[in-house]
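Biologist: I would like a close look at a single part of this model, together with the conventions behind the description.

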Amino acid sequence: MQTKHPFLKLIIALCLLGASVLARAEVKLTDAWVRASNPGQFVGAAYLTLNSPQDVTLVYIETERAGSVEMHSMTMQNGIMKMRSMEELPVPAGKPVKLAPGGLHLMLFELPTPFKAGEQVKFRLCFKDKQGKITDQFVTMPVKSAP
């Protein structure tokens, strides 16, 4: 896997060590889903809500169903939609962070095949706590048509 951010290589390596060595962030992952895509569409989106009992930061996401996954923010400024890639996403203790259409979301790039409604897609999310410890969690998201 190639990345344009050198520090991500360290984060990826730490995620690969597995949760048995690192402390658990115990982030609750709810309302997770992937938007169905069309044939020939090479970009997709996924959404979920993150809730943690302690301050953590989402630092990396991957799935076998995409070449890469990025965290994005989306805002409207003066009637113009602006989407920005984010290096990390803070999850403050006790405050749900909602990734939803029209706001924060996961962008899925280099889709080898379209996402079809009814399928299940497994993701790996890596979180960093205040002490710098990395832990990973897995979530399987259903593919749904746009609401």
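Which residues does Leu125 touch, not counting residues up to four places away in sequence?

Modeller: This is a predicted model, in which local features need pLDDT of at least 70 and side-chain atom pairs count only at pLDDT 80 or more, whereas totals for chains, interfaces and linings use all residues. Residues are numbered from 1 along each chain as its sequence is written, and side-chain values use heavy atoms, with hydrogens and water left out.

With residues up to four places away in sequence set aside, Leu125 touches Leu29, Leu48, Leu50, Leu58, Tyr60, Ile61, Thr135, Asp136, Gln137 and Val139 (contact means heavy atoms within 4.5 Å). Leu125, Leu50 and Phe123 are the residues with the most contacts inside the largest nonpolar core, which has 28 residues (buried Ala, Val, Leu, Ile, Met, Phe, Trp, Tyr and Cys joined through side-chain atoms within 4.5 Å; buried is under 20% relative accessible area, exposed over 50%, partly exposed in between, with a 1.4 Å probe and protein chains only). Strand E9 (residues 120–129) supplies the largest share of this core, 4 residues (strands are DSSP runs of E, at least two residues, numbered from the N terminus).

Among the partners of Leu125 is Leu29, and strand E1 (residues 28–35) also holds Asp31. Asp31, although not a glycine, has a positive phi of about 50°. Most residues other than glycine have a negative phi. At 54% relative accessibility, Asp31 counts as exposed.

A positive phi, near 55°, also occurs at Asn78, again a residue other than glycine. Asn78 sits in the loop between strand E4 (68–77) and strand E5 (80–86), and with a relative accessible area of 80% Asn78 is exposed.
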